[in-house]
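This report describes how two protein chains are arranged in a predicted model.

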Amino acid sequence: MVHLSSLLLKNYHGGYVVIRLALAGHKQANRPFYRIVAAYNKRARDGKYIEQLGTYDPLPNIYNEKLVSFNFDRIKYWIGCGAHPTKPISKLLGLAGFFPLHPMTITEAERQRAQTEPIAAGPGDDLQQGQKEAEP
Amino acid sequence: MAALGAARRLLRSFSRGKHAPKGGRVSVRCSTGTPCSGAQDKDAAKPQFTDPAVQDVLGRITGLDLQKVFRPVKEELKPPTYKLMTDEQLAQAVASATEQARKLLQMPPVLPERKPIDDVLSEEKILDGMDDAKYAFTDITYDIPHRERFIVVREPNGILRKATWEERDRLVQVYFPKVGRKLSAPLIFKEENLKMVFSQDRHEDVLDLCLVQFEPDSSDYIRVHAATYEDLDKHGKYELLRSTRHFGGMAWYLLNARRADGLIVDMLKRELSTPRRSLSGRATSSWPCRRTSSWLLRAVPNDRIPPPPIPPIEIYKFIKDEQKAAFCSFAPQWKGSCFFTSTQDVIHVEGDKSFVLSESNKQTNPNKELCTC
């Protein structure tokens, strides 16, 4: 494994800046919470970042909402500086309306629909068959 | 009966003739026989809560009881500190305390109820069924006012809409927490709990909590305040709010609802002169009885005060003893005049007697309490 030391990384700017999700509170099992973060590409996922740009809570609350926060002012700055957003960030920003919709969001929605429809139809058929057999 | 009608017409024309040019903000005349209908057409000249004149008047009637404003709040127990001061230093300390009390007594805003937000930004049916939960997106940019913040919600059926006011309040509290505000409203604001708290005379605490918890134009805020003011009006407990920041709001609410009689009587009980006049000055266009307001409004030289429309017996009963002599000294001016009460009884003053002529009873009840001095 290659560990880039902190001294080197301070002066090493061959990498680029990304906007990505970093897992916060990573010592807590089964309770994920992400920070939306601008960091250098080669840094650890949960390591030192340049700036925090928001949060994302993947578990819904009592009002059935997944809370996401974005600091749009600073996101615009970093994108203007040439930061690359990752796939989940692009999806979230697409859902928020800041970016156009990500194609994978649409694809996932279609897959989800395809999955739920046969399941809804399936048990209904079996029940009907069962009733027909039971009657006579 | 004829004399009664004539007297009434005389008085009405008298008040209209004398007071219409001095009416100030009031530009509408009452039509004959309908004393209170003029109140409805005054929208153009209607004073708002935020007018500096209105604020000034409300501030003055709130009163400045330093003992009550700075009464001990439950804090950590400390031994009291004593300072040795000269008279001048004491005067300065009192002045600075008055200044701070004035800041503490700053009235919370009275705003109309906010309209619900109902704005759909985009509808994408292709996203239908993508997830079970909604996504709530908040803009965390630091220096934009909370009212202008973008808070949008993406529903599971693909609709991207602006968040409702309740969602907005909640999410702003999550990301920019305000001290004392809870995410969900405390149970004290439910109807049954409010009644219990009112029975314990803790209206001021309820109003303080409400101020911290809700936005001034939210429906909950307006509902709680209305309930509190109604309860105060019903039991006549105006004194509870007297030197607090909520008094102006209560006075405004009662005046707009045209039910400030109890408040006026209560204030007359305590003081006779300035507060009543200042109340009337602001109340001109929303006061139900133009006669009362115009009587109160007139610039009064000390020796010639016109007869009041409220029965002088009531005033006499409620004023302080040291003011009774002064009251008696100018009451005989009203000898021989007729004036109306809010219940449409006529009081005819004759020297040291006054007669109450009631239309329904048509009997005279001599009342000898007035001006026996």
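## The interface between the chains

In this predicted model, 26 residues of chain A are in contact with 26 residues of chain B. The two chains bury about 2,300 Å² between them, and 59% of that area lies on carbon and sulfur atoms. On the side of chain A, three residues stand out: A:E65, A:K66 and A:L95 supply 26% of the area that chain A buries against chain B, which is more than any other three residues.

## Polar and charged links

Two salt bridges are found across the interface of chain A and chain B. In a salt bridge between B:R170 and A:E65, the side chains meet at 3.1 Å from N to O; A:E65 is also one of the three residues that together supply 26% of the area buried by chain A against chain B.

The side of chain A that touches chain B draws two or more residues from each of β3 (51-56), β4 (65-70), α2 (72-80), α3 (87-96) and α4 (103-134) of chain A. Among these elements, β4(A) gives the most, with six residues. Sorted by class, that side of chain A has 13 nonpolar, nine polar and four charged residues.

## A sheet that spans both chains

Which strand of chain B pairs with β4(A), and in which sense? The partner is strand β2 (residues 134-139) of chain B, and the two strands pair in the parallel sense over six bridges. Within chain A, β4(A) is joined to β3(A) by three bridges, and these two strands run antiparallel.

## Chain B

The secondary structure of chain B comes to 14 helices and eight strands. Chain B has 373 residues, of which 41% count as buried. When contacts in chain B between residues at least 6 apart in sequence are considered, 60% of them join residues at least 24 apart.

## Two residues with positive phi

In chain A, A:N30 has a positive phi of about 65° although it is not a glycine, and A:N30 is found in the loop between β1 (17-23) and β2 (34-40) of chain A. A:N30 is exposed, with a relative accessible area of 78%.

In chain B, B:D201 likewise has a positive phi of about 65° without being a glycine. B:D201 lies in the loop between α6 (191-199) and α7 (203-213) of chain B. Is B:D201 exposed, partly exposed or buried? With a relative accessible area of 37%, B:D201 is partly exposed.

Terms used
Residues numbered from 1 in each chain as written. Chains lettered and ligands numbered in written order. Predicted model: local features only at pLDDT ≥ 70, side-chain atom pairs only at ≥ 80, totals over all residues. Heavy atoms only, no water. Contact = heavy atoms within 4.5 Å. Buried area = accessible area lost by both parts, 1.4 Å probe. Salt bridge = Lys/Arg side-chain N within 4 Å of Asp/Glu carboxyl O. Helix = DSSP H or I, 4+ residues; strand = E, 2+ residues; numbered from the N terminus. Nonpolar A, V, L, I, M, F, W, Y, C, P; charged D, E, K, R; others polar. Pairing = 2+ DSSP bridges. Buried < 20%, exposed > 50% of the residue type's maximum accessible area, 1.4 Å probe, protein only.
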